[in-house]
Amino acid sequence: MKDFIKVTLGIIIAFFLYTILNKISPSLIQLFNVFSLVVIYFAIEKNEIFGACLGAFCGLIQDSFSLGVFGVAGLAKTVTGFTAGYISKKVDVFPLLRSFVFIFVLISLEFILWAILYSFIFSGSINTGRGLVFFQPLGTALVGSLLIFLLRKIKGNNP
Amino acid sequence: MPLFLKERKSLLVLTALIFFQLILISIQVPLGYEESYFKKTVFSIFSPVQHGIISFFRSVGSVWRNYFYLQNVQSQNQKMKEEMFFLRQENNLLRNALENLKSEKDIEESLLRIHKNILAAQVIGFDVSNFYKSAIINKGSLDGIKKNMVILDKNGNLVGRIIDPVTLKESRVQLITDNESGVGVFSEKKKVMGILSGDGKGHCFLKYIHVTTEDISEGEEIITSGKDGFFHSGIKVGKIVTITKSTSLFKQVEVEPYFDIRHLDQVAVIMRDPKEIF
């Protein structure tokens, strides 16, 4: 029950950030992948199965707010969630620099997978937003690693 | 549970999820651009959340503006903004229609009809994967929104049309910059007809202009023709920026749309069919 509330809250926060970023400037949603952050965070906290399921769920939500084929982001996020959960069980990804590299690699992987699927299904190139989308791994990793660092600090202070 | 079984269980879940989504993707291929019920359902569940967030921020902003910051000036300004918004829409729609109208009575009747058929809406979100493809507005079937209704920006320039899903209080707009969109248009001066389609990257292209056609030039305005049955005639769309000849049968005519996605906040929904309005 506690996990369910936590995940629901995480998704609502992601939705909140997505809406706000959208409102500030539509191009900002290309710079920060907020739904992937939620997936990666809970995959690290729980395990790879949880990460994969949450990845599928968040990806399908993202797909429902997008014009096109339902399941493309879902598939990419499922793989991201699983990989995040699997690796974090083998390697300690919580130190700030390590979490930055970890998220950077995962978001890059997700982006490549999504771009391949998108190009394959739509037979066209993706909108790079004047190259802004290539900074998505960097932007998301920066915010994500700081967020994980802060959340760990808060958790450490309130055991 | 032993480790190898645990790992196998994880892989089984991953395989099942991937398989499920691959099936989901493949069943949409025969549907074409029609949205699946599953996607519509997920959208219907989560779009009110987005609507709620925007409404919350708008309410907070409204409290601040109305009670703490020049209450009277704010209300006057708001009223004038609303009036200007409707006047711009009316002006744009009437400009073309007036050419065909004869008596003053006809004009007055038409004015009244147009005013009744404009609904102001707010953009509450853009496409997550590509913001040049679609947007979400805060009006839905409860407000009378139906599929294929035309959307204009605050200056009366064409933005797109309503597509599925239309929920009770939200609906999706296909932007003219989407590569799957198609609008019947003509050039302002020599009335060269063509089909305008987006490239999914913020630009539009005027299609099927034969390579021998010399009647169009750079800088010319592009206007809807109304021949497609979806869009009303005479709506400003954009301006030709480049014309390039290629080895194919048709010229490549790039059109820069007038609407600016960065300032797409308030939009107007034309509530009637093109045939009904005038």
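This is a predicted model: local features need pLDDT of at least 70, side-chain atom pairs count only at pLDDT 80 or more; totals for chains, interfaces and linings use all residues.
Colleague: What makes S4(B) and S5(B) a pair of strands?

Modeller: Two strands pair if there are at least two bridges between them. Strand S4 (residues 158–166) of chain B and S5(B) share five bridges, so they count as paired. The sense is antiparallel.

Colleague: Why is S5(B) described as largely enclosed by the rest of the structure?

Modeller: A residue is buried if 20 or more other C-beta atoms lie within 10 Å of its own. Five of the five residues of S5(B) are buried, so the strand is largely enclosed. Both faces are covered. B:Ser171, B:Val173 and B:Leu175 are on one side, and B:Arg172 and B:Gln174 are on the other.

Colleague: Which strand do four bridges join to S5(B)?

Modeller: Strand S2(B), running antiparallel to strand S5 (residues 171–175) of chain B. Four bridges join S2(B) to S5(B), and the criterion is at least two, so this is a pair. B:Ile136 has B:Arg172 as its bridge partner. B:Ala135 has B:Val173.

Colleague: What is known about the two sides of strand S2(B)?

Modeller: B:Ser134 and B:Ile136 point one way from strand S2 (residues 134–137) of chain B. B:Ala135 and B:Ile137 point the other way, and all are buried. S2(B) also pairs with S1(B), antiparallel, over three bridges. There, B:Phe126 is the bridge partner of B:Ala135.

Colleague: Which strands close into a barrel in chain B, and in what order?

Modeller: Six strands do, in the order S6-S7-S8-S11-S10-S9. The pairing is antiparallel. Neighbouring strands of this sheet are turned by 40° against each other on average, direction ignored.

Colleague: How do you know that S6(B) and S9(B) pair?

Modeller: Strand S6 (residues 183–187) of chain B and strand S9 (residues 221–224) of chain B share three bridges. The criterion is at least two, so they pair. B:Phe186 stands opposite B:Ile223 in S9(B).

Colleague: How many helices and strands has chain A?

Modeller: Seven helices and zero strands.

Colleague: Why does the radius of gyration of chain A agree with a compact globule?

Modeller: With 159 residues, the globule rule puts the radius near 15 Å; chain A has 15 Å, so the two agree. Its C-alpha atoms fill a box of roughly 50 × 30 × 25 Å along the principal axes. Of the 159 residues, 52% count as buried.

Colleague: How do helices H3(A) and H5(A) cross?

Modeller: The axes of helix H3 (residues 34–45) of chain A and helix H5 (residues 72–90) of chain A come within 8 Å and cross at roughly 30°. The crossing is right-handed. Residues of the contact include A:Val39 and A:Ala43 of H3(A), and A:Gly81 and A:Ala84 of H5(A). By class, this contact has six nonpolar, five polar and one charged.

Colleague: How many residues does each chain give to the contact between A and B?

Modeller: Chain B gives 36 residues and chain A gives 33. On the side of chain B, the elements that give two or more residues are helix H1 (3–28), helix H2 (37–68) and strand S1 (118–126). That side has 18 nonpolar, twelve polar and six charged residues.

Definitions and conventions: Residues are numbered from 1 along each chain as its sequence is written. Chains are lettered from A and ligands numbered from 1 in the order in which they are written. Two residues are in contact if their C-beta atoms, placed from the backbone, lie within 7 Å. Ala, Val, Leu, Ile, Met, Phe, Trp, Tyr, Cys and Pro count as nonpolar, Asp, Glu, Lys and Arg as charged, and the others, Gly among them, as polar. Axes are lines fitted to C-alpha atoms, for helices over the stretch in contact, and angles run from 0 to 180 degrees between N-to-C directions. The radius of gyration is taken over C-alpha atoms; the globule rule is 2.2 Å times the number of residues to the power 0.38. A residue is buried if 20 or more other C-beta atoms lie within 10 Å of its own, exposed if 12 or fewer, and partly exposed in between; C-beta atoms are placed from the backbone. A crossing is left-handed if the near helix is turned anticlockwise from the far one by less than a right angle, and right-handed if clockwise.
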